[in-house]
Amino acid sequence: MPATEHTDVTDLADLGLDEGGHLLVARALARLAPGERLTVTGRHPALGVHLAAWCREHGHQVADERGALVGPAVSVMVVKGDAGERRWRGAVRAGDAAGAPEARAEQTWGLAARGALVEAGGPPIGAQWSEREHVWADVAPRLYAAAAASQWDPATAVDWAAPVGAVPEEIERAVVQVMTYLVENEQAALIIPARLLSQLHPHYREVMQLLATQAADEARHVEVFTRRALLSGGPLGTSSAGGRASLQTLLAEPDFTTASFLLSVLGEGTFLDLLHFIHDHAPDLVTADVTRLAVRDEARHVAFGVAHTAHLAASDKAYLGALRQSVERRHSALLDTAGLNAEVFDSLVLLAAGSWSPEAIRRGWQAVHDLQSRMDAGRRRRLAYIGFPDDEAAELSALHTRNFM
Amino acid sequence: MGVLLGAVAYDPKVVTIWDGFRAWLREHLDFDYVLYSNYERQVADLVDGRIDVAWNSPLAWVRARRLAAARGAALTPVTMRDTDCDLRSVIVVRADSPVTSVGDLAGRVVASGAVDSPQATLLPLSLLRSAGLVPGVDVAVRRFDVGVGLHGDHVGGERDAARALFASDRVDAACMIDSNLLLFGREGVLPAGSVRVLAQTPQYDHCTMTAGPSAGPDVSVLGDLLRGMDYADAELRPLLDLEGLKEWRPPRLTGYEQLERAVDEAGFYSQDGEVTAADYRP
C-alpha cells in the first residue's frame, strides 16, 4: 500500500524492543491507518535492528532509516501495514456482556467471554446445549450468587469432635447404612451436573457457574457423609443392585432438561424431605450437622431444576409430554428392580424409632410412612408449578423411583 | 498436469501448514506436496524433475541454480513471503566486551549456527572475511550443528551460539539473524542490555519458492493462488501465522549475491552445484 503524507513520531528513549519497547511502537501504530507513517526514534543501541525484525514479523514496512541502524541515536520511519485490520475483519461480538444471553450461542464463539470481540476462525466449541431455552432460568444468576455466598468448609462447618460414642450400636449401624446410601446418591448427583456442564455452551455462564457450584456442593456432601459413616470406626453399609440401577438411569439421560428434571426436580426434591427427616431424627450432633448443611445446598439445586423446567415448559407446552415420557421411561426401566435398598428403609425406621421396643418401631414405621407422604406431596407441588395438571402430577409422582433420588 | 511441491520438514508444524494449504489449493488446482528430511535431497529432486516446485531456503536456491545451470536448465522463482524480504545477519558481543570492531575479533572465538545455516554461519563468516579475518585461521569458529541439512531453519544452533556468549567456556562473539536477536532478547536467552551488535550484513532476501524443469503452466496458477491468499480469511490465517507471513509476494532475489559469494568462500558447493563442504553430512 502506498505511504501517505501523514507522519507521527514516537520516542522510545533508551528502551529496547527486547524489554517492552514494541508496546510503545504498537500503541503509536494503532492510532494510524494502514499506509500512514510513524517515525520511531530512540537511543537503544540495537533499536534499528530490532525494529526491522519486529516490523517484518508484524507486516509493517521500514521505509527509511536515518543514520546507522546501530548507534547512539536512531530514527526509523515505519509504514503501517494492514495485517492487524485484516485479522479483525469479520470479527463479531459474542452477545452482550451486560445484557441477557443470546437466544442462540454460536459454536464459533467457542470459549470467548460473553460480549468479547471474537476473531473469526478457531475451532468451534461443539457444545451440545447452545440454545437459551434449553438451559436457562431467569433465577440462575441469583442462585449462583447465593451458592457462591453459601459455600462452607467441611473441616470447620461440622463439629467433628462432638461425641458419637453414646449412640447405641445398632442405631449407629443404621446411621452408617443411611450415610453409605447418601454417598452413593451424592456421587450420581455430582456426575450429572458435571456432565451437563461439559456439554453446555459457556455463553450461558451463569448456568455454567451454577452447575459448577452444584458439583462442588455434592463433592462436599460426599465428603461429610463418608466422614460421618467412618466416625465410629466400623465398616460401611451395603449398596444394593436396585439402588445403583435406579441412579444409573439418571446418568444415561441424554437431554439437558430431562436430566435436570429427573435429578433436581424429582430426585433432589424428594431428597430434601429425606435429609430433613434424618436431621430431625439424628441421634448425634454430627449427623444433624451434615444433613442440615446438605439440605441447604440441595434446596438451590431443586430451585434451579424447577425454575428451568418451568421456563422451558412455559415457552413450549408440548415439552410437558417429553418430561412425562422421561418419567415413564425411567419407571419402565426400573420395573424389574427392587428400588430402595431394604436395609436403608429399615434403617430409617430404626432411626425414627430410636430403639427396638415394639412401640418405638410402630412410631418409626409411621414416621417413615409420613415421610413418603411428604415426599409425594412435594413432588406433586413442584410438578404442578412446572405446569402439570393436578391429576397428572399425582400420577407422575407415583411413578417416581422407590429409591427416592 | 498439476503441481507437486516439495517442502522440508524442519518442524512438525510443516505437516499442518501444507495439509491446510493443500486442502485450500485443491479447490482450484491439482496440487500435492511431499516432505523432505533435508534440503539437499529436495534440491536434487527438483532439478531431476521429480517435484515441480520446491519451497527452498536461500542456500537451496543457490545449489539448485548451480545444478540446473550445469545441465543447461533454468529455474524460475515463484513467490516468497513478506517476511523473507530485507533480512540482516548480525554478529554480537557481550555489552562489556573490549571488542569494538570486527578486526578486534582476530585471535578470538566466534560462535555460529549449523554448518549449513546461511544466516547464522555462511553470511556472517563472509562478513568476517570481508574484514580480513579468515575463519579457522585468524579467528576460531565454534559451530553449533543443530538440525544439519535444514539450512538453519532450526533455530537451535543459533540459540546455542547465543548462549555460548555467557557459558562458562564462553565465546567472544555470536552470529544470528536480526529476528533471532530480538527473539533471544525477549526469551531472556540474551538479557536486555547484555549484548552489543558489532557488525551486520547488508540486507538480503531469504526463502524462495522455486519452479524446476518439470514445472508446467499450472505453476503460475499456483503462484497466483498463493499471492491471492488473504490474511483476512479466517480459514487461511492460522496457516499463514504458522508459516510466518502475512502475504505471499512476487519473488525477489535481492542480496543473493552475498550468499553466492559466501558459498564460494566457504567451498560449500562447487560451481556446478555439488556438495563440497567436507564436514557437511545432511
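What percentage of the 405 residues of chain A count as buried? The share is 44%, where a buried residue has 20 or more other C-beta atoms within 10 Å of its own, an exposed one has 12 or fewer, a partly exposed one falls in between, and C-beta atoms are placed from the backbone. The model is predicted, and local features need pLDDT of at least 70, side-chain atom pairs count only at pLDDT 80 or more, and totals for chains, interfaces and linings use all residues. Residues are numbered from 1 along each chain as its sequence is written, while chains are lettered from A and ligands numbered from 1 in the order in which they are written.

Chain A comes first. It holds 15 helices and 6 strands; helices (H or I, at least four residues) and strands (E, at least two) are DSSP runs, numbered from the N terminus. Along the principal axes, the C-alpha atoms of chain A fill a box of roughly 105 × 50 × 30 Å. The radius of gyration of chain A is 31 Å, whereas a compact globule of 405 residues would have one near 22 Å. This radius is taken over C-alpha atoms, and the globule rule is 2.2 Å times the number of residues to the power 0.38. An automatic or database domain assignment supplies the domain bounds, and chain A is divided into domain 1 (7–86), domain 2 (90–126) and domain 3 (132–399). A distance of 64 Å separates the C-alpha centres of domain 1 and domain 3 of chain A. Contacts (C-beta atoms, placed from the backbone, within 7 Å) also reach along the sequence: among those in chain A between residues at least 6 apart, 73% join residues at least 24 apart.

One local spot in chain A is A:Pro168, in the loop between helix H6 (154–157) and helix H7 (169–198). A:Pro168 counts as partly exposed because it has 13 C-beta neighbours inside 10 Å.

Chain B contains 9 helices and 11 strands, and buried residues make up 52% of its 282 residues. Among contacts in chain B between residues at least 6 apart in sequence, 79% join residues at least 24 apart.

Chain B is divided into domain 1 (3–84 + 206–266) and domain 2 (89–200), with C-alpha centres 28 Å apart. Their contact takes 17 residues from domain 1 and 13 residues from domain 2. On the domain 1 side, helix H2 (39–47), helix H3 (58–70) and helix H9 (256–266) of chain B each supply at least two residues, and H9(B) gives the largest share, 7 residues. By class, that side has 10 nonpolar, 4 polar and 3 charged residues; Ala, Val, Leu, Ile, Met, Phe, Trp, Tyr, Cys and Pro count as nonpolar, Asp, Glu, Lys and Arg as charged, and the others, Gly among them, as polar.

Strand S3 (residues 53–56) and strand S10 (residues 208–211) of chain B run antiparallel and are joined by 4 bridges, with B:Thr208 as the bridge partner of B:Asn56. Strand S5 (residues 89–94) of chain B is joined to S9(B) by 5 bridges, also antiparallel, and B:Val92 has B:Val197 as its bridge partner. Strand S9 (residues 195–200) of chain B is largely enclosed by the rest of the structure, because 5 of its 6 residues are buried.

The largest nonpolar core has 110 residues, and those with the most contacts inside it are B:Val53, B:Ala64, B:Val92 and B:Ala174. Such a core is a set of buried Ala, Val, Leu, Ile, Met, Phe, Trp, Tyr and Cys residues joined through C-beta atoms within 7 Å. A second, separate core of 78 residues includes A:Ala105, A:Tyr181, A:Leu323 and A:Leu396.

Finally, the two chains meet where 24 residues of chain A are in contact with 23 residues of chain B. On the chain A side, helix H2 (47–58) and helix H3 (83–88) are the elements that give two or more residues, and H2(A) gives the most, with 7 residues.

Conventions. Two strands pair if DSSP finds at least two bridges between them.
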